[in-house]
Amino acid sequence: MNTLKVRLLIAFACLYAAILAGLGFVLGQLFPVYMENTVRSNLQEAQQHLSDYFTSEKIPITDKQQQELVKQLPDSFLSNDLITTRWHFWLILVIVLFIAFVLLMFTTNRLLKKLSLSVEHVTQTALELAQGNYRARAYESSDVATTALSKSINVLARNLQDMTMIREIEQERLKTLINNMGSALIMIGREGEISVVNDGFLKLFNKNHDDVKKHVFRELGVDENLEEFVDHVFMTETPYRKQIEITVHQQIKHMEVYGAPVIGAHGHWLGVVIVMHDITELKNLEQVRKDFVANVSHELRTPITSIKGFSETLLDGAYQDEETLLSFLEIMYKESNRLQMLVQDLLELSKIEKEGFKVDVAPTSFNAVVKSAMEMAHIQIEEKNMDVHLEEEGEVRVLGDANRLTQIIVNLLANAVSYSKPDKRIDLKVLTHGEYGVVEIADQGIGIKQAEIPRIFERFYRVDRARSRNSGGTGLGLAIVKHLVEAHNGRIIVKSEEGVGTTMRIYIPLAS
């Protein structure tokens with residue numbers, strides 16, 4: 001901007017110099033004419049005065065002498081007067097023109113400086129806007145020619161700032177939506193580079209932004225099924241939906257995956273977007289439902305088949321043999337009891353799993369609960385000639401429902417007896433651990449494989465189906481125990497070794 005100002009000053013200086021030089025030249029050409037006329041007029045006047053002087057003084061001189069005398073005056077007088085006056089004229093003219101040039105340059109410099117500052121500020125504001133600083137504003141002044149330009153720049157800056165704020169708000173909304181949508185999302189560019197990824201995707205594959213930023217999708221090392229799905233969307237360039245299984249950290253997850261091409265302006269293809277919804281829990285629930293229906297059908301079929309078969313046999317004439325009649329009736333009675341127990345356990349489990357189920361908690365003696373459970377299970381214990389040893393570490397009072405806690409301990413004792421051989425020992429301990437009261441039940445039974453431990457609380461799951469069925473179990477006891485313990489805000493921990501035995505620890509919050 002300073003260079004432009006200097007160039008304008010030089011241009012104006014040349015223009016002013018040319019104009020003043022032309023003016024001086026014109027004045028210089030007109031001055032001799034003006035001086036000649038002035039001198040001639042003055043000469044004539046001097047001649048007249050001289051004639052009048054001779055006449056008034058009555059000086060004896062002839063007319064011819066008078067004319068000769070007058071003719072001798074102009075040469076010296078005109079020459080001296082004209083030369084002196086010309087030098088004075090040129091000196092004054094040069095001084096006046098120089099002063100005029102200086103005044104013009106000073107005025108022009110002031111105007112250019114004011115104008116250049118305004119233009120410079122507008123230019124700087126435009127550069128700031130170009131660099132993304134939409135808060136910059138140009139100075140507006142009513143006494144400069146660039147006021148309209150400054151106002152226009154400021155209007156543009158305000159509009160850009162408003163547009164930027166709106167865009168930032170929209171971007172934040174979109175970012176929040178993408179990160180909190182509950183599904184994993186990834187957008188892949190045309191060359192396979194990752195352009196957008198949300199927290200759900202990073203959490204699913206245990207990645208961070210540095211691992212995926214500016215990387216190619218195939219470098220992530222995701223499951224082959226997902227890579228095949230992405231390849232299909234890339235090749236077909238059409239929306240595609242599919243349920244796939246992927247392995248993440250040695251765990252199989254079921255995913256509902258949706259892919260679609262991203263189309264920009266004028267039909268420009270930008271890449272693909274992949275959305276993955278984890279349906280593993282739904283699949284598991286569906287499998288649990290199928291297993292539940294199959295197991296219930298199986299458990300009900302056995303006693304119903306027995307009762308129906310023996311009743312048909314009796315109707316066909318076997319009732320006439322008293323010994324056979326009594327044997328069949330005893331079997332039908334046992335099977336009906338088993339059927340009744342199964343229905344009761346199903347109703348009990350349904351009640352416990354119902355939303356809003358609560359237990360009536362109150363300060364309760366854990367010691368008394370354990371002793372009551374031992375008395376209720378003593379018949380089963382005596383039938384297998386087993387020894388039960390109770391160890392207590394003082395009085396332990398917990399917040400719980402005495403009846404439900406007794407139900408928990410009875411079920412666990414029944415399991416310990418059922419899965420142990422006769423003449424074995426069961427150890428019970430009542431103690432405290434931190435903020436919890438603990439009951440530990442350790443048997444010397446068949447034990448549980450490590451792979452089966454997470455499944456023992458499922459409905460109808462049995463470690464040894466033949467043994468548990470012969471013992472009259474329904475397969476729902478541990479499922480009921482788990483829900484009752486959770487209803488008490490407690491937890492159950494299982495430790496087992498196949499062929500050695502199983503230890504179950506029940507943690508219930510202590511009474512304050």
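The chain exposes about 32400 Å², and carbon and sulfur atoms supply 56% of that area. Keep in mind that this is a predicted model. Of the 512 residues, 34% count as buried. The fold is built from 13 helices and 12 strands. If you take contacts between residues at least 6 apart in sequence, 61% of them join residues at least 24 apart.

Now for the inside. The largest nonpolar core has 43 residues, and the members touching the most others are Phe 366, Leu 413, Ile 426 and Ile 441. To see how the pieces meet, click on Ile 441. Leaving aside neighbours within four places in sequence, Ile 441 is in contact with Ile 409, Leu 412, Leu 413 and Ala 416, among others, and its list also includes Ile 426, Leu 428, Thr 503 and Met 504. Apart from this core lies another one, of 27 residues, with Val 197, Val 233, Met 255 and Ile 274 among them.

Stay in this region and move on to Asp 443, in the loop between β10 and α12. Beyond its sequence neighbours within four places, Asp 443 is in contact with residues including Ala 416, Ile 426 and Thr 502.

Side chains of opposite charge can pair when their charged atoms come close. Arg 505 and Glu 440 meet with N to O at 2.3 Å. That pair links distant parts of the chain, since Arg 505 sits in strand β12 and Glu 440 in strand β10, 65 residues apart. Arg 505 is buried at 16% relative accessible area, and Glu 440 is buried too, at 13%.

Lys 253 pairs with Asp 278, their closest N and O atoms being 3.8 Å apart. Lys 253 lies in β4 and Asp 278 in β5, so this bridge ties together parts 25 residues apart in sequence. Asp 278 is partly exposed, at 34% relative accessibility.

Finally, Lys 334 and Glu 330 form a salt bridge at 3.9 Å, N to O. Both lie in helix α8, four residues apart, about one turn of the helix. Lys 334 is exposed at 53% relative accessibility, while Glu 330 is partly exposed at 48%.

Conventions. Residues numbered from 1 in each chain as written. Predicted model: local features only at pLDDT ≥ 70, side-chain atom pairs only at ≥ 80, totals over all residues. Heavy atoms only, no water. Core = buried A, V, L, I, M, F, W, Y, C linked by side-chain atoms within 4.5 Å. Buried < 20%, exposed > 50% of the residue type's maximum accessible area, 1.4 Å probe, protein only. Contact = heavy atoms within 4.5 Å. Helix = DSSP H or I, 4+ residues; strand = E, 2+ residues; numbered from the N terminus. Areas by Shrake-Rupley, 256 points an atom, 1.4 Å probe, with all protein chains shown as cover. Salt bridge = Lys/Arg side-chain N within 4 Å of Asp/Glu carboxyl O.
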